[in-house]
Amino acid sequence: MSVHVLSEMAVLMRREAVQGAMARWQSHRWLLADVVPQEENFGREPRRLRQTEDESLWLYPGWPLELFSDDAEGYWLNATSPTPCFFVMWRMVEPEDGGEPVAVPQALSLSYHDAGRWLDAQETVETVPLPTESVGWLKDFSTQHFVPEEKKRQRPQSFMRLTDRFGQPASVSTDSKRKGSGGKS
């Protein structure tokens, strides 16, 4: 397995007021706002960029965007999908000062396999579209390290041999079974 660090990214999370009937149960919700290239002026520490009564925007800088050669199939699935995207797994975290919980990114990936594992573990995973210029290098990387298996025609189930629970050949008869006298004389 080889690791290719492409660049560093920054993740933007947004807290917004919930509108309509849903607001009876939940006053606000957190969403993934964007994933952008890291800039020097972002610094290294998470920070709130904007705060209003209805919205809050947080910046989480310094996320390395890494590709692993042994996960090329996951990148290939993403690159060849109708909408290639970044996958961000995040969790609600209570701040040390005891304030309201904040959505904090935990992982960033371009692999369908990573996103699937996170979802299987009941984590929150959201996506934002991958920029068009990035789709090209993701396809290049995935085709360099992954060769899709040639699909084989699967034999229809109706032609499969029947076996019993012990693996022995079994047969099914469509003839009606011999019935006993059934009370007939």
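Helices (H or I, at least four residues) and strands (E, at least two) are DSSP runs, numbered from the N terminus. Keep in mind that this is a predicted model: local features need pLDDT of at least 70, side-chain atom pairs count only at pLDDT 80 or more, and totals for chains, interfaces and linings use all residues. Residues are numbered from 1 along each chain as its sequence is written, and side-chain values use heavy atoms, without hydrogens or water.

**Stop one: the pocket.** Select strand S3 (47-51), strand S4 (55-68) and strand S6 (102-109); each gives at least two residues to the lining of the largest pocket. A pocket here is an open set of points on a 1 Å grid over the protein atoms alone, where a 1.4 Å probe fits, with protein on both sides within 12 Å along at least five of seven lines; lining residues have an atom within 4 Å of a point. S4 provides the largest share, three residues. Now show Arg48, Trp58, Pro95, Glu100 and Val102, which lie nearest the centre among the 17 lining residues.

Next, pick Trp76 and Phe146, a tilted pair at 5.4 Å centre to centre and 50 degrees between planes. Trp76 is in helix H1 (residues 72-79) and Phe146 in the segment after helix H3 (132-145), so the pair ties together parts 70 residues apart in sequence.

Technical notes
Rings of Phe, Tyr and Trp (its six-membered ring) pair if their centres lie within 6.5 Å; planes under 30 degrees apart count as stacked, over 60 as edge-to-face and the rest as tilted.
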